[in-house]
Amino acid sequence: MKQTPPDTLEISAILADSGLSSLTGQILGRMGSLIVRIADNPETIRIAQKLRYDVFYTELGAQKSQNTVLEERDSDHYDAICDHLVVYDTSIAGDEAAQLVGTYRLMRSDMITEGRSFYSAGEYEINKLTARKPHLQFLELGRSCVKPEYRSKRTVELLWQGIWSYCRQHKIEVMFGCASFHGTVPEAHAVPLSFLQHNCRADAEWDVRALEQHYRSMDIVPQEAINPKVALFSMPPLIKGYLRLGAMIGDGAVVDHQFGTTDVLIILPVERISSRYINYYGAEADRFV
């Protein structure tokens, strides 16, 4: 799943020629000293990759390739064709590298060229879903990463405001992506995984199954033995946030040994997002700016 990273010239050429987001460089939201925008140059992407390295490899212990060790960046060939949402704290003295505190990687259906697929297709049968609904614009959310001291409701809200602005601009109809539990033993997360299996599974129209060679059952604990409060308390905040928006969960978990995680697939058709959140992040969201 990991590829040799593109160099700066390749990223620069793609940014210039591929028709990426027309929101590139614009401030999409502001809360106090925090702002969110789309990266508009190769150096910003490199700084975001360095933040991902610090979190995924240094903090969380992902397995490093030789290139990763040498460059101290988390990167793959998808970075060159994706948009990168970045959050800055403008109150920090110093350059862009000091101020960048969060990032999200965004990949639309219309960014995929012949012979390519979404990143999540390495774990789940995403191509079957997109083939069933070729008329819809999909957006894959990935590489969510925030500095530890900024992992707060405030930062998450700002990231979602940026994502929602992006969705409106590009007429996104379905969001999806892998979200993770820490560790490679699904049974260590038996209660929350089983809660997702029994209560949050996608219906047949939207269901996506893990690739057979990666499939791990989430049906570990009987439904009657699950305390919902305990299950939700032990669930990663990102997954709880998706569920609040109306997300569904795909069929089966996947163990990612490189990143040391147990992944589940999030599927969120925009039509399922409640009007409460549409109003909060959408039409009435001028307060973020």
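1. Which ring does Arg209 lie over? The ring belongs to Tyr215, and Arg209 lies over its face at 3.9 Å from the ring centre. For a charge to count as sitting over a ring, NZ of Lys or CZ of Arg must be within 6 Å of the ring centre and within 35 degrees of the ring normal. Arg105 does this too: its charged end sits over the ring of Tyr119, 5.5 Å from the centre.

2. A quick word on what you're looking at. This is a predicted model, so local features need pLDDT of at least 70 and side-chain atom pairs count only at pLDDT 80 or more, while totals for chains, interfaces and linings use all residues. Residues are numbered from 1 along each chain as its sequence is written, and side-chain values use heavy atoms, with hydrogens and water left out.

3. Now the rings. You'll find seven aromatic pairs here (rings of Phe, Tyr and Trp, the last by its six-membered ring, with centres within 6.5 Å; planes under 30 degrees apart are stacked, over 60 edge-to-face, the rest tilted). One of them is Tyr53 with Tyr57, a stacked pair at 5.4 Å centre to centre and 20° between the planes. Both sit in helix H2 (residues 42-59), four residues apart, about one turn of the helix. (Helices are DSSP runs of H or I with at least four residues, strands are runs of E with at least two, and both are numbered from the N terminus.)

4. The cut-offs, with a 1.4 Å probe and protein chains only, are under 20% relative accessible area for buried, over 50% for exposed, and partly exposed in between.

5. Next, look at Trp160 and Tyr242, an edge-to-face pair at 5.7 Å centre to centre with 85° between the planes. Trp160 belongs to helix H6 (residues 153-170) and Tyr242 to helix H9 (residues 237-245), so this pair ties together parts that are 82 residues apart in sequence. Both residues are buried.

6. Helix H7 (residues 190-199) has as its buried residues Ala190, Pro192, Leu193, Ser194, Phe195 and Leu196. They pack (contact means heavy atoms within 4.5 Å) against strand S6 (174-182), helix H8 (228-233), H9, strand S7 (248-249) and strand S9 (261-269).

7. Then there's the largest pocket, lined by 47 residues, with Tyr104, Ser144, Pro236, Pro237 and Leu238 nearest its centre. Elements that give two or more residues to the lining include H2, H6, H9 and S9, and S5 gives the most, with seven. By class, the lining has 27 nonpolar, eight polar and 12 charged residues (Ala, Val, Leu, Ile, Met, Phe, Trp, Tyr, Cys and Pro are nonpolar; Asp, Glu, Lys and Arg are charged; the others, Gly among them, are polar). On a 1 Å grid over the protein atoms alone, a pocket is an open set of points where a 1.4 Å probe fits, with protein on both sides within 12 Å along at least five of seven lines; lining residues have an atom within 4 Å of a point.

8. Most residues other than glycine have a negative phi. Glu72, not a glycine, has a positive phi of about 50°; this residue is in the loop between helix H3 (66-71) and strand S3 (83-89), and is partly exposed at 39% relative accessibility. Arg143 also has a positive phi of about 50° without being a glycine. Arg143 lies in strand S5 and is buried, with a relative accessible area of 11%.
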